[in-house]
Every structure is written in C-alpha cells, then in structure tokens.
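My entries follow in the order of looking.

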Amino acid sequence: MTLAAALGVSLRSFNSASSFPFIHCSALFTRQITMDAKSVASQLKSSGLLRTQGLIGGKWTDAYDGKTIEVRNPATGEVIADVSCMGQKETNDAISSAYNAYNSWSKLTATERSKSLRKWYDLLVAHKEELGQLITLEQGKPLKEALGEISYGAGFLEFFSEEAKRIYGDIIPPALADRRLFVLKQPVGVVGAITPWNFPLAMITRKVGPALACGCTVVIKPSELTPLTALAAAELSLQAGIPPGVVNVVMGNAPDIGNALLASPQVRKITFTGSTAVGKKLMAGAAGTVKKVSLELGGNAPCIVFDDADVDVAVKGALAAKFRNTGQTCVCANRILVQEGIYEKFANAFSKAVQNLQVGDGFSDGVAQGPLINEAAVQKVESFIQDATSKGAKVILGGRRHSLGMTFYEPTVISDVNNDMLISREEVFGPVAPLLRFKTEEDAIRIANDTTAGLAAYIFTNNIQRSWRVSEALEYGLVGVNEGLISTEVAPFGGVKQSGLGREGSKYGMDEYLEIKYVCLGNMNSS
Ligand code: NAP
C-alpha cells in the first residue's frame with residue numbers, strides 16, 4: 001500500500017476489557033486516541049521530514065532497482081510508507097560519498113564542526129513534536145516516551161558539539177635531549193553505523209554525534225523497521241548545513257549493506273547497536289580489513305532488591321527499568337532478584353504497580369505500554385513464559401496476549417523463577433518481569449554474574465557499604481543504585497563480556513572515533 005493509501009486509514013479506538021488470571025483487575029482499557037496517523041504524516045510531509053528514499057552524497061535516492069519495503073505502524077499494522085530497499089551498490093556509492101566528503105569535513109576547524117552539530121541539535125529540538133510522533137508511529141512507544149527519546153537523542157548532538165572543541169593531544173617529555181614528542185588525535189575516517197529499531201533516533205545520534213565531532217563522515221544503516229526517523233534526522237542534518245556526503249543513509253537488505261561496509265577498505269570503523277548474534281558476525285567480518293569496531297549488544301540486566309531497600313523506591317525503580325519501551329531496551333531489568341525477607345512484600349507492591357500500567361496505542365492519553373515491535377517478538381515472549389511455567393514458575397499477573405490484539409501483550413509478573421530457565425538466560429525484550437528469590441548478598445552477586453551478558457545492573461539498598469561492595473562485584477558496564485533510569489549523554493554507556501566493546505556518550509565516546517598519532521621531532525638541538 002502506498003503512503004497516501006495508508007494515510008486514509010484511521011486508527012482504531014480501543015475499548016476492551018482485560019482480565020488477569022491471578023490478580024483481580026477491574027480497569028477497562030478505554031482510551032481516547034488523541035492523534036491519528038493521517039495528521040501526523042501530513043504534518044511531517046509539510047515540514048519536509050517524511051522522507052522515503054536513501055541519502056547518498058546529499059541526494060535523496062531510490063534503490064537502483066526501484067525496490068521498496070513497507071514500514072508499518074506496529075499498533076495497527078497499517079503501512080505508513082514504502083521506503084527504498086537498498087543493497088550493496090547503493091552502499092558502495094554511499095561509502096564513496098562519505099570518503100570524498102571526509103577530505104573537507106575532517107579539515108574544518110573544530111569550531112566549524114561544532115557549530116554545524118549545534119545547529120543540527122537546534123533543529124531536532126525545534127521539530128521535537130513531529131519527530132516524537134514519527135517514532136510513535138513507526139516504533140509504537142508511547143508518545144511521552146518518544147518525546148523523551150528526542151530530547152535524549154538530540155542531547156548527544158549538543159554534548160558532542162561541545163566535545164568537538166576538546167580533542168586535546170599531548171606533549172611527552174622526551175628520553176633524548178634533541179627530540180620533541182607529540183601525540184595528535186585524528187579522526188578514524190569513514191564510519192559505518194548500524195542501528196536497531198528500539199531507539200530509532202538516539203542510537204543514531206549517540207554514534208553520529210561523536211563521529212562528526214571528531215571529523216569522521218558516516219554511512220548510517222537504520223533498521224528496516226524504523227527508517228523514517230533516521231531519514232527525518234538526516235534531512236535535518238542537511239538543513240543544518242552539514243555538507244553533502246558527510247551523513248549518508250542506506251536501508252534495505254541488511255546483510256548486503258553490512259557486507260559492503262565490512263568489505264570496503266575505505267570504511268575504517270564499524271559501530272553497531274543490536275543483537276549479540278549480529279554483533280559477532282560484524283566483528284568477525286571487520287577482521288578482513290582490520291577495522292576499528294564498537295559494539296553495543298544485548299543485555300541480561302539483574303535488578304537486585306535487598307531486604308534493606310526502601311520498597312517504594314525499589315518498586316518505582318524496577319518498574320521503570322523493566323517496562324520502559326514495553327520492555328524493549330538493552331538495559332531493561334531482565335531478572336528481578338529479591339531477597340527472601342522482602343520477597344512477598346515487594347512482589348505484591350510491584351504487581352499492583354504493574355497492574356496499573358495502561359496498554360494501548362502510543363498516541364492515546366495515559367498509555368504506558370505500547371505494542372511489541374512485531375509478531376516474532378510476541379512469540380519469543382510466549383515461548384519464554386511457557387518454558388518458565390513448565391519448570392515451576394508461576395504467572396502472578398498477565399501472562400498472555402492483550403485483548404487489543406495485534407502485538408499488544410499484557411504486562412506480566414512471574415514468580416518462582418530460577419536462573420536456569422530460558423527467561424533468565426536470554427534477553428526477554430518484552431513486558432515480562434521474572435522474580436527470583438535469593439538468600440544472601442553473595443548469592444545475589446553469583447546469580448547476577450551468571451550470564452554471558454554484562455551491560456546494565458540495578459541494585460536497591462539503603463546500606464551505603466553494600467551499594468559500593470555490590471557495584472564493584474557486578475560484572476557489568478553500568479550500575480544503577482536506587483535508580484532505574486540511568487542513561488544520559490554525559491555518562492559512558494557500554495557493556496562488558498558479550499554485551500559489547502567500547503563506550504558511547506560522555507568524553508569516552510569520543511575515543512571510539514579517534515586514532516592516536518605519535519610525532520617525533522628529531523635533531524632539535526641544531527640551530
Ligand atoms: P538486530 O537484529 O541485531 O538488528 C540491529 C541492526 O542490525 C538492524 O539495523 C538490522 O537491520 C541490522 N542487521 C541485521 N542483520 C545484519 C547483518 N547480517 N549485517 C549487517 N546488519 C545487520 O537487533 P534488533 O532486533 O534490531 O535490536 C534489538 C537488539 O539490540 C537487542 O539485543 C538489544 O539488546 C540490542 N540493543 C543494544 C543496545 C546497547 O546499547 N547495548 C541498545 C539498543 C538495543 P534490519 O533491522 O534492517 O534487519
């Protein structure tokens with residue numbers, strides 16, 4: 001279906017009851033749809049932000065064979081747009097454009113690059129409403145969360161526009177009297193940036209912000225599920241005056257695009273956010289041309305609630321850590337470990353809070369939980385719950401598809417989970433909170449670390465010594481203490497073990513796009 005046809009389709013009004021198997025729920029899911037796809041898209045069209053072609057060398061470009069792919073609204077299944085389905089040829093041209101643009105972009109002063117990035121940031125902020133609506137339309141998250149992502153995502157451009165001016169080198173005291181030793185930091189070169197669907201803007205700006213600040217140029221490959229936000233952001237990069245070829249976007253056949261980026265000797269760096277399985281493939285593929293690689297991969301976050309925690313703080317924190325983006329973030333609490341003395345109290349209070357989460361179309365007032373991204377995601381959740389219950393876990397809230405249909409799933413709490421169940425071993429990526437009981441601090445640390453992942457962890461305790469001790473013992477890249485939402489552009493984000501390599505955000509995020517060059521001036525004592 002074409003965009004025009006899709007725009008003619010109005011969104012459904014949800015009005016259905018839901019019953020939970022073990023906790024009585026009297027709430028009816030009656031929601032007023034406050035915005036429709038048609039008005040969102042027409043607004044975006046008038047501001048020139050609804051782009052459906054790839055961006056190569058500053059030109060909006062169709063796939064060379066004319067192929068397109070459909071982008072759907074996960075809340076309704078409606079086609080929002082048909083976007084160009086690109087592959088190897090288009091990617092090679094995008095790489096050439098980025099390579100040509102690198103010459104001049106990398107030679108601009110830091111102040112000039114900084115100003116362009118700042119302008120791009122200003123435009124993202126100026127178009128916050130439309131961009132937020134676009135995210136809700138193609139990704140499904142509640143509009144409030146989508147608007148939050150625009151602020152968060154734009155924040156990376158603001159932060160790195162400032163960092164552009166602070167790429168300092170070093171002067172090293174020489175070992176020989178007639179020498180002077182310098183360290184210069186220089187841009188890596190052309191960067192291939194491959195990003196996922198769960199944060200359609202922020203996962204791009206977190207990479208492209210520092211890359212451009214350092215003087216690199218980029219070829220972005222957004223997920224085929226959410227390319228529209230990436231294309232709108234790219235349009236704003238042009239409006240900000242960032243020269244053609246500095247930012248390129250191709251989408252379509254992921255393996256073809258990935259392989260073209262990997263094979264090209266002109267691409268000097270691959271930065272990827274996505275699943276561990278694809279990250280491993282990219283890491284292996286980058287070996288052929290020995291590229292620099294950054295990987296932000298899957299997590300399996302433990303959220304540990306100790307007996308001495310403030311239950312209200314723990315419930316609020318665990319709720320935010322688990323159910324943000326309907327459980328579809330890499331830092332989502334995947335296992336909630338609760339000490340035995342507080343287990344029943346926490347389970348009751350937490351389940352009550354989860355029960356109050358409103359499910360529905362992200363454009364509806366008060367909705368806290370949108371749809372899952374696609375049918376495969378729902379089936380994965382179902383298989384994990386089936387595995388857990390077959391091994392003794394109990395569903396205490398939710399546990400089934402939502403009566404709204406589509407890919408809506410009831411916010412779910414499962415008790416009596418252990419660390420051997422699939423739900424504890426794998427990343428759930430859905431609105432399901434498994435509760436695990438533990439006895440001692442040592443048990444909690446052992447269970448928490450018993451995974452190949454190591455991205456985010458959360459602990460809830462009022463004991464300051466314990467908070468330090470456990471933070472140090474956790475094999476994770478990020479730790480939230482008495483806080484469930486910890487991502488920010490000013491702090492380093494990244495994992496250990498199989499959760500990835502490198503850091504994004506903060507001053508450390510710059511290092512990923514810089515090479516260190518040592519310069520030795522000899523014969524300095526001659527006149
Ligand atoms: P995914 O399947 O790995 O896809 C991520 C990106 O890789 C998409 O653009 C995808 O393209 C592309 N891709 C897939 N196969 C490829 C290949 N052979 N070569 C090159 N590119 C390829 O992951 P996802 O399902 O979109 O995202 C969810 C995962 O991302 C979760 O595991 C989550 O934990 C992780 N994540 C991690 C972080 C972090 O910072 N650590 C942040 C967010 C998400 P198509 O979509 O077009 O197929």
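This is a predicted model: local features need pLDDT of at least 70, side-chain atom pairs count only at pLDDT 80 or more; totals for chains, interfaces and linings use all residues.

**Helix packing and ligand surroundings**

I then looked up the geometry of the pair. Helix α5 covers residues 128–139 and helix α6 residues 143–163; their axes come within 8 Å and cross at roughly 125 degrees. That angle makes α5 oblique to α6.

Next I listed the residues that meet. From α5 these are Lys 128, Glu 129, Leu 131, Gly 132, Gln 133, Ile 135 and Thr 136, and from α6 they are Leu 143, Ala 146, Leu 147, Glu 149, Ile 150 and Ser 151. I sorted the residues of this contact into six nonpolar, four polar and three charged.

I went on to the helix α4, residues 110–126, and its packing on α5. The axes of α4 and α5 come within 5 Å, and I read a crossing angle of roughly 70 degrees. Angles from 65 to 115 degrees count as roughly perpendicular, and α4 and α5 are therefore described that way. On the α4 side I found Leu 124, Val 125 and Ala 126, which meet Lys 128, Glu 130 and Leu 131 of α5. The residues of this contact divide into four nonpolar, no polar and two charged.

On α3 the contact is made by Gln 88, Thr 91, Asn 92 and Ile 95, and on α9 by Asp 256, Ile 257, Ala 260 and Leu 261. I count four nonpolar, three polar and one charged among the residues of the contact of α3 with α9.

How many residues surround the ligand, and which are the closest? I found 29, the closest being Thr 195, Ser 275, Leu 297, Cys 330 and Glu 427.

I then checked individual atom pairs. Leu 297 places a backbone N or O atom 2.8 Å from a nitrogen atom of the ligand. For Glu 296, a backbone N or O atom lies 3.4 Å from a ligand nitrogen atom. At Arg 206 I found a side-chain N or O atom 2.9 Å from an oxygen atom of the ligand.

Notes: Residues are numbered from 1 along each chain as its sequence is written. Side-chain values use heavy atoms; hydrogens and water are left out. Axes are lines fitted to C-alpha atoms, for helices over the stretch in contact, and angles run from 0 to 180 degrees between N-to-C directions. Helices (H or I, at least four residues) and strands (E, at least two) are DSSP runs, numbered from the N terminus. Angles under 35 degrees count as roughly parallel, over 145 as roughly antiparallel, 65 to 115 as roughly perpendicular and the rest as oblique. Contact means heavy atoms within 4.5 Å. Ala, Val, Leu, Ile, Met, Phe, Trp, Tyr, Cys and Pro count as nonpolar, Asp, Glu, Lys and Arg as charged, and the others, Gly among them, as polar. A residue is near a molecule or strand if one of its heavy atoms lies within 4 Å of it. A polar contact is a pair of N or O atoms within 3.5 Å; within protein, one must be able to donate a hydrogen and the other to accept it, and residues adjacent in sequence count only if both atoms are side-chain atoms.
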